[in-house]
Amino acid sequence: MDKVRTASEITGDVIRSYLSKGKRLDGRKPEDYRELIIEKDISKKAEGSVRVKLGKTEVLVGVKMGTSEPYPDSPKKGNLMVTAELLPLSSPRFENGPPKFPAIELGRVTDRGLRESGFLDFEKLCIKEGEKVWTVFVDIYSINDDGNLLDAANLGAIAAMRIAKMPRYDEENDKILYDELTNEGLPLNKHAPVSVTIHKVGDNFLVDPTREEEDMSDTRVTFGIMDGIISSAQKGEKSPISVEKFKEVFEMAEKIAKNLETKLEKALK
Amino acid sequence: MIQENERKVAVPGEILAEGEDYLPGEWTEKREGKIYSLKYGLVEESGKLVKIIPLSGTYTPRRGNVIIGKVENITFNGWVIDIGAADNAFLSLMEVPRYVNKDALEEVMGIGDMVIAKIWSINKRGIDLSLKSRGLGVIDEGVVFEINPNKVPRVIGKEGSMIKLIKDETGCNITVGQNGAILINGDSIENELLAKKAIIHISDKSYIKGLTEEMENFFKENKREQSLKEEKN
Amino acid sequence: MVEFKRSDGRKLDEMREIEARVNIIPNADGSAMYRSGDTIAIAAVYGPKKMHPQHQQNPAKGVLRCTYNMMSFSVSDRIKPGINRRSTEISKITEWALEPVVMLDDFPGQVVDVFIHIIQADAGTRCAGINAASMALAHAGVPMKDLVNSISVGKLDKTLVIDLTKEEEDFEEGEGPTDIPISMTKEGQVTHFQLDGKIGANQLKEVMDMAKKACDKVYGIQKEALKNSLK
């Protein structure tokens with residue numbers, strides 16, 4: 001079947017009714033994330049790469065370094081480019097072809113979370129002012145979609161950037177020596193700009209939905225939070241959220257981000 | 001009497017038996033006196049008949065199958081139902097046991113609703129479903145999920161023994177669709193989820209011998225965990 | 001005659017270390033991973049299912065559709081995500097390598113989609129992809145007459161070797177490198193053959209024998225991975 005096999009109405013009823021009692025089908029509480037497993041260096045050819053598993057959801061993220069001229073309006077700053085691919089490999093719902101909106105949104109939301117937070121010190125990526133700067137390429141690939149690719153992708157991007165090592169740059173010949181990695185990492189903030197996506201299912205909120213729960217989500221808000229400061233947010237899908245509920249959402253996000261950052265640090269050990 | 005012989009796993013192209021008097025059963029082929037497997041699955045020999053019981057593969061609809069499907073679309077005279085096969089199935093309003101007004105199809109079943117139906121005909125035009133039998137109809141409540149259709153025989157068990165075990169242990173009503181979709185109705189969500197967990201466990205371990213014993217242990221373990229949890233609280 | 005020394009110390013007919021696993025992508029109908037040395041490929045199979053777009057449907061028999069691609073960070077010089085000419089060609093080669101064993105008559109009007117991605121590349125990527133795809137197809141329960149096994153045979157100057165690394169592909173001495181990826185069934189039916197370099201017809205006969213021996217080993221590994229998937 002090429003049809004998008006969304007969860008049925010009856011499953012939605014079960015999920016919503018259970019949620020109204022503060023429970024989820026897999027035993028989690030609404031504010032719990034699934035088990036987070038991070039495998040490092042899944043590609044020796046990447047400057048940094050990880051496999052992130054959030055429950056059954058899996059993404060691969062790799063960091064590659066390149067050099068180029070800086071943008072004219074920021075001659076001292078390096079660049080960041082985040083690309084996401086929702087591979088048909090990972091779900092019967094994705095098709096081959098140029099990235100459609102969900103993949104584009106995934107890339108852009110992740111980019112915003114990394115960029116706006118100040119996680120990456122762009123000025124330290126400058127090689128020669130006005131002439132040469134580093135570009136950090138972060139490429140995200142979905143491997144299995146069981147919900148919440150948004151947060152999984154972001155966690156993967158943070159992890160890959162954290163473990164990345166700079167290649168040696170041969171200034172004389174203007175060549176990057178990928179085979180010679182230095183011991184130097186990327187210029188990063190010690191805190192992580194975790195992304196917390198809060199979903200509204202029926203009258204309740206939850207995070208880290210499984211595929212079934214995500215199908216029943218009416219709307220979602222993704223926050224990029226680093227060290228208690230919210231530096232990016234995006235509300236997606238169509239249902240509105242009242243102002244009062246939105247205030248609840250902000251509180252939830254802040255609390256959950258702290259826990260998620262702890263979870264991330266643990267998984268990276 | 002078909003004996004459950006050793007659960008040997010075969011891969012495509014593997015030689016299962018050699019000799020002129022062996023007969024090629026389902027998912028096997030005879031070439032130059034050798035029986036070859038055509039699928040990844042369990043080898044079953046009954047006498048000289050060698051066949052493969054697939055461990056995977058999509059659902060092949062058969063006449064008489066009771067299935068659980070989801071309403072994908074409503075036409076002027078019926079419902080288009082996704083049963084997990086390559087083609088959608090069709091339920092005509094004439095095949096519903098009570099009178100349905102042509103303008104009121106939506107009231108009986110809407111898009112996204114799940115229904116238990118029987119395949120009464122498969123022809124060039126497609127797969128035709130009927131609700132004119134006991135136990136069939138729209139699903140109002142319960143937990144619905146899917147397993148691989150090839151695992152259904154193990155979930156049901158010899159003469160229904162396995163499904164009866166689950167029903168007894170969880171107190172739930174369970175409908176198993178031949179297409180791998182399963183409906184569980186119990187007195188509590190906890191029991192419904194336990195039954196679901198049990199069925200998924202059977203599906204994962206479908207290839208082992210002594211599956212009944214495995215499941216009896218599964219329920220014993222679960223009871224133990226439950227009482228430990230209650231003690232903690 | 002001095003024995004030719006390979007840069008990683010392997011014997012001439014020695015393959016790199018192989019790792020094969022099945023059932024790595026829960027959503028897929030079938031999936032597998034195949035690693036040869038530092039080359040890692042994953043494959044997922046979806047189907048048989050209804051073929052779309054409808055005009056590509058074949059009412060007489062099923063369609064096998066393969067897509068091969070490399071991840072941007074699988075190589076030193078980043079590959080821009082998306083398809084390119086090379087991946088398009090290898091996708092077709094992969095389809096041709098696998099189709100002869102797939103029983104297409106069993107699913108008319110339907111399609112089986114095979115998606116292959118290379119996570120880390122050190123030569124032999126199309127071979128690793130075909131091996132992963134072969135296991136994934138079987139794992140998905142697609143009816144097949146046999147598995148397909150793929151290996152690259154190389155010629156470094158005048159010496160024939162099995163399973164080239166990238167370093168060996170860039171060999172520069174004497175007659176240079178010749179790279180010959182080959183795929184065949186257990187029964188010895190060749191479904192894929194490509195060649196890049198310089199070689200004489202006589203030596204090519206030896207190449208086929210070397211390939212058959214290596215493919216037999218690959219078959220054993222694929223079979224083992226499928227049988228182990230239940231544990």
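Conventions. I number residues from 1 along each chain as its sequence is written, and chains are lettered from A and ligands numbered from 1 in the order in which they are written. In this predicted model, local features need pLDDT of at least 70, side-chain atom pairs count only at pLDDT 80 or more, and totals for chains, interfaces and linings use all residues.

Entry 1, chain B helices. I looked up H4 (residues 189-204) and H5 (residues 211-232) of chain B, which pack at an angle of about 145° with axes 11 Å apart. Helices (H or I, at least four residues) and strands (E, at least two) are DSSP runs, numbered from the N terminus. Axes are lines fitted to C-alpha atoms, for helices over the stretch in contact, and angles run from 0 to 180 degrees between N-to-C directions. From H4(B), I noted B:Leu194, B:Ala198, B:His201 and B:Ile202 in the contact, and from H5(B), B:Leu211, B:Met215, B:Phe218 and B:Asn222. Contact requires C-beta atoms, placed from the backbone, to lie within 7 Å.

Entry 2, chains B and C. I found 16 residues of chain B in contact with 23 residues of chain C.

I traced an open, mixed sheet of five strands in the order E1-E2-E3-E5-E4; strands pair if DSSP finds at least two bridges between them. The twist averages 15° from one strand to the next. E1(C) and E2 (residues 30-36) of chain C run antiparallel, joined by five bridges, and C:Ile18 stands opposite C:Ser36 in E2(C).

I recorded H4 (residues 201-228) of chain C lying across E1 and E2 of chain C, at about 35° to E1(C).
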